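Subject: Structure handover

Hello,

Here is the structure to look through. My notes follow below it.

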Amino acid sequence: MNKFRIFFWSILILLLQILLFNNINFSQHINPYLYITFIFIFPLNKNRFVFLFTAFIYGLTLDLFSDTGGIHAASLLFVGFLRLSFIKLFFKKNTIDYLLFNLHSEAFGQVFNYVVTITVIHHFVLFSLDNFSFHNMETVFLNTLYSSTFTLVLYFLGSYILRKKIT
Amino acid sequence: MQQLIYFIRKYRYFLFFLLLEFIAFNLVINNHSFHKSKFINSANSITGGFYNKTTSISDYFQLNKENSELSNENLLLKNNLQKALQVLETVHISRSIDTIQFKQRYSFINGRIEKNQYASYHNFLTINLGELDSVFSEMAVINSKGIIGITEHVSKNYSRVQSILNTNSKINAKLKNNSYFGSLTWNGSDYNTVQLLDIPRQAIVKIGDTIITGGMSSIFPEGVPIGQVINIKEEATIKRVINIRLFNDMSNLKNIYVIKDFDKEEIMNLEKSSNE
């Protein structure tokens with residue numbers, strides 16, 4: 001996937017998040033946060049400054065539109081920083097493999113583990129920051145559970161449907 | 001020195017990550033104190049303009065409902081006007097003072113909600129009124145059914161409203177049938193229910209009582225409807241919580257009014273001078 005297509009898909013997903021997914025509000029708190037796809041489609045690189053900075057700006061843009069201060073920026077940056085360690089853990093990849101790494105050419109079991117871990121961590125950080133106190137921790141856990149299920153179902157459906165177009 | 005450089009080189013990504021995370025946390029904390037989030041809010045021209053374009057499309061789907069609501073409001077206002085005129089006719093004013101004819105404490109500015117939010121714990125709305133419409137910070141936002149929030153950040157054409165569905169929001173409210181007052185807060189669970197706290201123990205509150213805004217703050221005029229009491233928890237204790245069902249359906253708002261208080265500056269000056 002070349003740079004232009006990554007840019008195009010990132011902007012499209014951001015627009016979908018702002019206009020559609022942020023307004024689902026299923027039983028008030030449950031929304032899919034599909035903009036996390038950004039973490040999965042951004043190419044791996046040894047130099048991580050560009051990726052960390054773009055993840056921060058990407059989250060901040062969403063914060064700007066949804067009046068949430070910096071919670072999306074903080075949570076996206078958090079999983080963005082952890083991404084490489086999870087790739088090493090689940091796919092056993094080294095620096096040499098980064099250039100040709102593609103989620104679609106990996107085994108589904110590993111991809112599933114990777115995507116689920118990153119999504120759940122992201123959602124947990126997101127909802128804890130949204131809650132911003134140690135009260136109602138049980139709602140934070142419940143929201144994380146429901147919303148990440150929602151996100152994951154949509155992500156796997158989307159990546160299955162668009163698997164030919166994205167790669 | 002060399003070791004320090006070596007340290008920075010080794011952990012450069014982690015340090016960069018910490019720096020950005022620190023900025024993000026600062027923005028989150030600023031977003032929680034009224035009026036402090038200068039940069040990251042939806043009242044700027046880019047996000048405001050974006051929402052303006054998108055709502056002008058989605059508005060078409062609710063035109064019927066909005067029209068009937070506005071017509072209902074007109075009906076109510078017309079009937080009230082007739083009543084008021086009736087009262088005025090019975091009062092004989094022998095000497096008219098010029099200033100009385102033009103004296104007006106509150107004036108209303110009409111606008112539209114560009115972005116509604118009710119699912120978070122800290123909800124903010126964006127409206128299409130800004131400094132050019134003489135809307136400024138800390139002005140009341142209501143609609144025909146009840147209160148909505150307080151303007152917080154104002155740009156040229158748009159402003160951000162702190163919704164009453166914000167766990168940081170605190171609004172002076174009172175019972176309609178007597179003058180005991182308390183503060184209206186939200187616990188973040190249900191977007192149709194808000195909580196009234198600090199009502200004195202001796203006040204008799206019944207289920208179904210109407211709650212209106214009290215005139216204690218210089219933001220809301222007295223008597224804007226809020227909602228009805230649905231249940232009372234821990235009755236007759238100091239921790240009494242009164243749950244109130246809002247008249248407004250906060251998930252479905254469109255036309256709003258911003259209230260301009262002409263006496264606000266005078267009141268603020270008076271309070272400031274008496275505090276010293």
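Start with H4(A) against H5(A). This is a predicted model, so the values below are computed from it. From H4(A), the contact uses A:Ile71, A:His72, A:Ala74, A:Ser75, A:Leu76, A:Phe78, A:Val79, A:Leu82, A:Arg83, A:Phe86, A:Phe90 and A:Phe91. Facing them in H5(A) are A:Gln110, A:Asn113, A:Tyr114, A:Thr117, A:Ile118, A:Ile121, A:His122, A:Val125, A:Leu126, A:Leu129 and A:Asp130. By class, the contact of H4(A) with H5(A) has 15 nonpolar, 6 polar and 2 charged residues.

The geometry of that pair: H5(A) covers residues 108-131, and its axis lies 9 Å from that of H4(A). The packing angle is about 155 degrees. Angles over 145 degrees count as roughly antiparallel, so H4(A) and H5(A) are roughly antiparallel to each other. Their crossing is right-handed.

Now H4(A) on its own. Helix H4 of chain A runs over residues 71-91, 21 residues in total. From first C-alpha to last, H4(A) reaches 29 Å, close to the 30 Å expected at 1.5 Å a residue. There is a bend in H4(A) of about 40 degrees, at A:Arg83. A:Arg83 is also one of the H4(A) residues that meet H5(A). After H4(A) comes A:Lys92, with a positive phi near 55 degrees.

H4(A) has another partner, H3(A). The axes of H3(A) and H4(A) come within 7 Å and cross at roughly 155 degrees. That makes the two helices, H3(A) and H4(A), roughly antiparallel. H3(A) passes H4(A) in a right-handed crossing. On the H3(A) side, the residues are A:Phe51, A:Leu52, A:Ala55, A:Phe56, A:Tyr58, A:Gly59, A:Leu60, A:Leu62 and A:Asp63. They meet A:Ile71, A:His72, A:Ala73, A:Leu76, A:Leu77, A:Gly80 and A:Phe81 in H4(A). The contact of H3(A) with H4(A) divides into 12 nonpolar, 3 polar and 1 charged.

H3(A) also packs with H1(A). H1 of chain A spans residues 3-19, and H3 of chain A spans residues 49-66. Their axes come within 10 Å and cross at roughly 30 degrees. H1(A) and H3(A) are therefore roughly parallel to each other. H1(A) passes H3(A) in a right-handed crossing. A:Ser10, A:Leu14, A:Gln17 and A:Ile18 come from H1(A). A:Tyr58, A:Thr61, A:Leu62 and A:Phe65 come from H3(A). In the contact of H1(A) with H3(A), 5 residues are nonpolar, 3 are polar and none is charged. A:Tyr58 and A:Leu62 in H3(A) meet H1(A), and they also meet H4(A).

Last, the contact between the chains. Chain A gives 27 residues and chain B gives 26. On the chain B side, the elements that give two or more residues are helix H2 (12-32) and helix H3 (45-58) of chain B. H2(B) supplies the largest share of that side, with 12 residues. The side of chain B that touches chain A has 13 nonpolar, 11 polar and 2 charged residues.

Best wishes

Methods:
Residues are numbered from 1 along each chain as its sequence is written. Chains are lettered from A and ligands numbered from 1 in the order in which they are written. This is a predicted model: local features need pLDDT of at least 70, side-chain atom pairs count only at pLDDT 80 or more; totals for chains, interfaces and linings use all residues. Axes are lines fitted to C-alpha atoms, for helices over the stretch in contact, and angles run from 0 to 180 degrees between N-to-C directions. Helices (H or I, at least four residues) and strands (E, at least two) are DSSP runs, numbered from the N terminus. Angles under 35 degrees count as roughly parallel, over 145 as roughly antiparallel, 65 to 115 as roughly perpendicular and the rest as oblique. A crossing is left-handed if the near helix is turned anticlockwise from the far one by less than a right angle, and right-handed if clockwise. Two residues are in contact if their C-beta atoms, placed from the backbone, lie within 7 Å. Ala, Val, Leu, Ile, Met, Phe, Trp, Tyr, Cys and Pro count as nonpolar, Asp, Glu, Lys and Arg as charged, and the others, Gly among them, as polar. The expected span of a helix is 1.5 Å times one less than its number of residues. The bend at a residue is the angle between axes fitted to the seven residues ending there and the seven starting there.
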